[in-house]
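Please look over the sequence and the 3D structure before reading on. The report takes up the pocket, the core, the aromatic pairs and the backbone in turn.

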Amino acid sequence: MIESDRELSAMVQELWDNDVNRLQPGKDYRISLQGKAGDSMAINDNNDGAGYPLFTFVDENIFKKETFLTFISLLDNYESDAGEPEIVTPEEVAENHKFLDCIMQTPTMKIAHKYLVEKHLSPKDETQFKEQLYRIWFELYARRGSSRPDSSGFEHVFVGETRGGRTVIGFHNWIQLYLQEKLGHIDYKGYSVNANSPQPDENKHILALQFSWKNGIKPKGSIFIGVSPEFEFALYTLCFLTSPNERVKVQFSFYDVEIVCHHYNQKHIGTTYPVLLRYQNPK
């Protein structure tokens, strides 16, 4: 590993160790992996590797915690069709700020902020740091093929979008996946593996999968499962600001992971998600 990856890995390990709101597999939630997803892009294909939902149980009391509560309040603020301009109401702006206020009080975001200040990548002043986070995650921009602001880093990564009504883009968050599956909008089609990736594990926190959402298909998505919103926000913000590369390898806990982080105009997050490379012995 190159030096910067080692340093970033140590930071991610610290974020992981301080993610006090992370759920425990088998205790706070259970998933059912079932079979491997097929290669088909069709919605109603016969290659569906899973006849049942991914989530068999989630302790929803967790969702009463402040960061989960404020995060979930943001999920219904978006028009999923990329190309449809987003109208942001004053209430939604207030909800965005409330969420940022909440996560900035958590150990994970405080650790990330301190590190970014030391690296001269973020302002020390909390109000200015919040403004930076708002710009990276919530400011709207025009995604490819659109002339009007129709997307944001937050919407793409945490909520999900559809392109042309048939393809799901983004959508890398387990809470949105669980809530949409519960509403009957998600059809989990099985886990994804290739020749180089490890077999998925119901007790681990990273999963590659295939699913359909509304009328679109996500042929292969990759998500953290059971982590808190503040952990993902801290991790992805760190990767966005510290690495000019769009792929950075980190090692923490049981995981050897590549974090993909595409920049949009160097100002906003285009997309970001984890790719599990292999399991390792825990640190």
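## Largest pocket

In what follows, Ala, Val, Leu, Ile, Met, Phe, Trp, Tyr, Cys and Pro count as nonpolar, Asp, Glu, Lys and Arg as charged, and the others, Gly among them, as polar. On that basis, the lining of the largest pocket divides into eleven nonpolar, eight polar and two charged residues. The model is predicted.

The largest pocket has a volume of about 320 Å³. Its lining holds 21 residues. A208, K220, S222, V275 and L276 lie nearest the centre. Three strands each supply at least two lining residues: β6 (206-213), β7 (216-224) and β10 (268-279). The largest share comes from β10, with five residues.

## Overall make-up

The protein has eight helices and ten strands. Of its 283 residues, 56% count as buried. Take the contacts with a separation of 6 or more: residues 24 or more positions apart account for 65% of them.

## Nonpolar core

In soluble globular proteins, nonpolar side chains tend to be buried together. Here the largest nonpolar core has 76 residues. W137, F154, W174 and F233 have the most contacts inside it. Helix α8 (residues 229-242) gives the largest share of this core, nine residues.

What does F233 contact beyond its neighbours within four places in sequence? The partners are F99, L100, I103, M109, W137, F138, F154 and F158. L238 is also found in helix α8. L238 counts as buried because its relative accessibility is 0%, and buried means under 20%. Leaving out residues up to four places away in sequence, L238 touches L8, M11, L15, A112, Y115, L116 and S243. L238 and M109 are 129 residues apart in sequence, yet their C-alpha atoms are 9.8 Å apart in space.

## Aromatic pairs

The structure holds 30 aromatic pairs. One of them joins F63 and Y178. Their ring centres are 5.9 Å apart and their planes stand at 55 degrees, so the pair is tilted. F63 lies in the loop between β2 and α2 (66-74), and Y178 in helix α7 (residues 174-182), so the pair ties together parts that are 115 residues apart in sequence. Both F63 and Y178 are buried.

Ring pairs also build a cluster. W16, F224, F231, Y236, F252, F254, Y255 and Y279 are linked in it.

## Positive phi

Most residues other than glycine have a negative phi. Q34 is not a glycine, but has a positive phi of about 60 degrees. H120 is not a glycine either, and has a positive phi of about 60 degrees.

Where do these residues sit? Q34 is in the loop between β1 (29-31) and β2 (55-58). H120 lies in the loop between α4 (107-118) and α5 (126-137). Is Q34 buried, partly exposed or exposed? Q34 counts as partly exposed because its relative accessibility is 26%, and partly exposed runs between the buried limit of 20% and the exposed limit of 50%. H120 is exposed, because its relative accessible area is 74% and exposed means over 50%.

Definitions and conventions
Residues numbered from 1 in each chain as written. Predicted model: local features only at pLDDT ≥ 70, side-chain atom pairs only at ≥ 80, totals over all residues. Heavy atoms only, no water. 1 Å grid on protein atoms, 1.4 Å probe; cavity = no way out; pocket = protein on both sides within 12 Å on 5 of 7 lines; lining within 4 Å. Points joined across faces, edges and corners; volume = space filled by probe spheres on them. Helix = DSSP H or I, 4+ residues; strand = E, 2+ residues; numbered from the N terminus. Buried < 20%, exposed > 50% of the residue type's maximum accessible area, 1.4 Å probe, protein only. Core = buried A, V, L, I, M, F, W, Y, C linked by side-chain atoms within 4.5 Å. Contact = heavy atoms within 4.5 Å. Phe/Tyr/Trp six-rings, centres within 6.5 Å; stacked < 30°, edge-to-face > 60°.
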